[in-house]
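Here is a short briefing to read with the coordinates open. Please keep the viewer at hand as you go through the points.

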Amino acid sequence: MNGRVGGRRRIVVVGSGMAATRLVEELVASPAATDLHLTVLGDEDHAPYNRILLSAVLEGTHGLDTITLRSAQWHAEHGVDLRLGARVLGVDRERRDVVLVDGTVVPYDRLVLATGSIPSLPPIRGLVRLDGRLHEAVHAFRSLDDCRRLMAAIGVEVHNAGDEVTAVGDQTAHPVVRPAQRAVVVGGGLLGLQVARALSVRGLDVEIVEGGEHLLRSQVGSPAGQVLARDLRRLGTTVYTGARAVRMSDTAGGAVGLRLDNGYTLDTDLVVLTAGGRPSTALARGADLEVRRGIVVDDHLASVTDPDVFAIGDCAEHGGRTTGFVGPAWEQASLLAQRLTDPDGDATYTGSRSVARLRATGLDVAVLGDPERATADGGDVVEVTNPVVGSHRKLVVSDGVIVAATLVGDLSRIGLITQYFDRGTRLSGTEPAALLMGDRLAPPSRLADDAEICACAGVSAGRIRACASLDEVRATTRATTGCGGCSSSVAQLLADRPALTPSS
Amino acid sequence: MTATHCPYCSLQCGMTLVREGRAALAVQAWPEFPVNEGALCRKGWSAAGLRGSRERLTSPLVRDRETGELRTASWDEALDLVSSKVRSLQASYGADAVAVFGGGGLTNEKAYQLGKLARVALGTSQIDYNGRWCMSSAASAGNQAFGIDRGLPFPLADLERADVVVLVGSNLAETMPPAARHLDRLRARGGHVVVIDPRRTTTADRADTFLQPVPGTDLALALGLLHLVVAAGDVDEDYVAARTTGFDDVRRSVAVWWPERVERVTGVPVAELQALAALLGSSARASGKVLVLTARGAEQHSQGTDTVLAWINLTLALGMPGREGAGYGCLTGQGNGQGGREHGQKADQLPGYRMIDDPAAREHVARVWGVPATSLPGKGRSAYELLDSLGTDGGAKALLVFGSNIVVSAPNATQVTSRLESLDLLVVADIVMSETAAMADVVLPVTQWAEETGTMTNLEGRVILRQQAVTPPDGVRSDLEVMAGLASRLGSAGVFSEVPEEVFAELALASAGGRADYAGITYDRIRAEHGVFWPCPTADHPGTPRLFASSFATADGRARCVAVEHRGAAEVPCEDFPVHLTTGRVLAQYQSGAQTRRIKDLPDTGPFVEMHPMLADRIGAHDGDLVVVATRRGELKAPARVVSTIRPDTVFVPFHWVGANRLTNDALDPSSRMPEFKVCAAAVRT
């Protein structure tokens, strides 16, 4: 084909998030890599990083420099043309090229859209100022820059792992007169809860405003949401559910008041918007690709409109679904890498199982699949709520297979339940309930004479009871002469021997 | 009274043998020997029981053409038959028509001589050994990371000096019980023991922390721990900068292994992962010593090498290797698993851990052997590949087996057995009629432990001496005598001594200048010094108990951090095979059981299927019921042993009996060629 770089097929990836990076990693690792020329257009100024961990950086468990996935140098070493800060203006499918805002034209043979999602702006008056910019007390939380700006606002600048400094006033890149003390998180979904907990751990007074009737409403039912709200209150965070923020206004000292539709006004220094996102599809729409909620792709992840354009990750819609999780995004990336290097292969995408885990200190939440939909679809529900310890666990079972689950407040069996879920293991009728029950403790009892005490020498309790002393035990049974693990049991058995002669 | 060592595992416990009456031998403690300080497990105490067994072979056997049965034959008849058959097969099909299969239980002298027999007398490249199925993944990782492969780069007793010992896939309280004493002393001192195993073993019962991952996910676990160590800023940056290369790649590569992802892959809850990472990190911050030990549980996987590399990376990040009481080590399995891999019975190696494709190595060894370097064959096939090719076009038509019971110990054993059946000539040298010997065309009865002298190299790299205590029964010959007899019948160049001490002296010369340098070691020194640690290049060199204090054995003296990725097991559970199968040992038995199953003081329970009560309920089995374990390769019927100490998604079968390895997967590690013994997908039913 004309215009190939050195005869190599040009693959242009729009986006440098987690799906894009996984795709690039697999492409450069493939034997066909030498036939490809890869260009990655990332609109952020940072080398690809692990977006999942932004809330961990905010909370302080991870240093900012530890979340980089692949450095610019790595891309260069692998012959990948990584362009950072590259904002794409449009795609011309006739000419088969991508035009950047700065006028640069990037031709492609295959185009991959991995544009992710963008946060949606809730309808709150006063959020956006007259000049079109967000009010400075308002923060989004999607990108590394958002994270840095929020950290600056609370007076923390993270340089490196384990090397955190608290910045005051104008020492930071984003001058702050006074570090924020109070925050309102708008949105009680997974991201909202993580951000809220992170800010709490940082010492802020945090309030959560959730428009739905309970927290995590897209993932879990009301009982689980209520357990969570109680946990959060115990941890010092106020939760308003069934309440919408409607107006924001400035108050004294740089603070703002956020008015809710239930009549409350929350005075705060910060407002963090986490109330959902939507697939970023503007580019695809502009290129006349079929877009519903996301960019519609077939089982090969190709646009149903154009077989040379693919979409993966949050921006893609497959089988009527979009996902917001990294697991499916990576599965799509791997599959697409196979597809791009072996177009005749039989790799097809059939959907993914997702496990959502809340990453927040003090809150234990896991959501496997879609429990509410699975319940509505007629799955059998086995659930245990224990308000005393604050746990709610629910398994949705269909034909013996766990098809969805909610685990809140007790993750003791998560390492098994997720395995069964991921493998589609068929369980017996009693197993789901057994999984939600604790192990019974065996009552202590006198060791039977045939119980083995010394595994090394194969010696039973009875044979030790028959000995008068440790020397006799060693000489006649060889117990205690191997690994030494039975020494205390042997001593106990010898001590418990009934005295043969009355002591005077 | 003879000071010697136990005939079984790599601990090579010291013991003394005392004659009782005319023929009987009694085992007694040898408290001065430092590795076990007089302690022995029941296998050691009962080790003399195999002598005088009615099953002991005392005459060569030859398969009768008419009846198809084995009949007794003279040594001359048997060896003449073997050499004439070898000659005619090699005349028809070339030198590689004959293959040799050795074992990690052979003494250094035998292992060395076997390699020489193959390369000089038979001229074949086709030689490998069952050690490939033991610690080869750790060997491959050690060579990549440290430039050298010595299981423990320090004496075993150093365990007691650590602050945290992490055992990955090791059940040492059952597999080498006296070693557990070091863990107990460590704990008595306030140290912390961590055990990582899909089963809560007796070793786990003695640990402070126990993690129970899904089989085949130890690699992801290590990546997850390093992720947390990096995140917390607990990397020893000074050490990494001064003593390693490649860490930045590794640091980036673990950014995608956040705890919740690791939990999903490994089945280890986030909280347990975080607690362990915090323990390791805080210990390192406080200048404490962290020691990670892997064993077969982590290594016998198709990603075994990478798994070990991931754990090594963790210890390098924490700044541990080279410090006393800290670092990384592999707990080798077989008695001479260490020495057996150093002196030329491996497909790609010559004595002294030299690589067979290195021209300088070939020159050196050929000079010692008195043959031209050009006459030495090149690299052969690895163990499983060698066996899998037997009888095929391009594969060997004859196989000589020394010190291995392939029928029981090879993975996908049904396939391997059918390959053995396709041979024109199978020769087995053994002490009893093992399952493999029973298939042979010629069986050669050889001497055993206590009837012969030879050196072993234990898991610490300590070369020790097993001494003859009794006269062998009439009719048997030593393996060295067998090899000499074959070499002379084949008109081989070079000298094939039958005297162990002479062979050792030659081995020492051949190893001189190699990575495993034995040049300064003699029998007298071993006797006087309770063993000598290699490398020991000269007679006045003290030996090297501890490696890496100031540099690693790489070209630039730095350890290599190699970025690795978790690929997962070759076979994962599915609808038809919904559980993981893992295999391992029990205390009273050793390897294929050819020795231990014949000792009356050791209970021969037969195989069993360990499973969790929830799984037992699912299939309607009770403790003791016969159940069937099936995989894509075969089936095994054995009693259920219902215990709550195993993961409910996993079953365990011990591998000492025929059957377990009909189930296991022959998927190989790309670097070590280790088969995936430790995990495959299985179904269980009543």
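How many of the 11 residues of helix α20 (residues 479-489) of chain B are buried? Eight are, which leaves the helix mostly covered. This is a predicted model, in which local features need pLDDT of at least 70, side-chain atom pairs count only at pLDDT 80 or more, and totals for chains, interfaces and linings use all residues. Residues are numbered from 1 along each chain as its sequence is written, with chains lettered from A and ligands numbered from 1 in the order in which they are written.

**Helix α20 of chain B**

- The buried residues of α20(B) are B:D479, B:L480, B:V482, B:M483, B:A484, B:G485, B:L486 and B:A487; a residue is buried if 20 or more other C-beta atoms lie within 10 Å of its own, exposed if 12 or fewer, and partly exposed in between, with C-beta atoms placed from the backbone.
- Helices (H or I, at least four residues) and strands (E, at least two) are DSSP runs, numbered from the N terminus.
- These buried residues pack against several elements of chain B, including α2, α3 (108-122), β16 (398-402) and α21 (500-511); contact here means C-beta atoms, placed from the backbone, within 7 Å.
- After α20(B) comes B:G491, with a positive phi near 65 degrees.

**Helix α2 of chain B**

- The 19 residues of α2(B) (residues 75-93) should span 27 Å at 1.5 Å a residue, and the end C-alpha atoms agree, being 27 Å apart; the expected span is 1.5 Å times one less than the number of residues.
- Buried in α2(B) are B:A78, B:L79, B:V82 and B:V86.
- Seen down the helix axis, the buried residues of α2(B) fall within an arc of 90 degrees, so they line one face; the arc is that of the directions from the axis to the C-beta atoms.
- On the other side of α2(B), the exposed residues are B:D76, B:S84, B:A91 and B:S92.

**Where the chains meet**

- Chain B has 42 residues in contact with 44 residues of chain A.
- Among the elements of chain B that each supply at least two residues to this side are α6 (180-188), α8 (218-231) and α11 (259-266).
- The side of chain B that touches chain A has 24 nonpolar, four polar and 14 charged residues; Ala, Val, Leu, Ile, Met, Phe, Trp, Tyr, Cys and Pro count as nonpolar, Asp, Glu, Lys and Arg as charged, and the others, Gly among them, as polar.

**Nonpolar cores**

- The largest core has 308 residues, of which A:V271, B:V165, B:L225 and B:V229 touch the most other members; a core is a set of buried Ala, Val, Leu, Ile, Met, Phe, Trp, Tyr and Cys residues joined through C-beta atoms within 7 Å.
- α8(B) gives the most to this core, with 11 residues.
- Another core, of 49 residues, lies apart from it and includes A:A114 and A:L336.

**Backbone details**

- B:W534 and B:P535 are joined by a cis peptide bond, with omega about -5 degrees, and B:P535 sits in the loop between β21 (532-533) and β22 (559-560) of chain B.
- A:T480 has a positive phi near 75 degrees although it is not glycine, and it counts as buried with 24 C-beta neighbours inside 10 Å.
- B:A450, also a residue other than glycine, has a positive phi near 80 degrees; B:A450 is buried, with 22 other C-beta atoms within 10 Å.

Terms used: Two residues are in contact if their C-beta atoms, placed from the backbone, lie within 7 Å.
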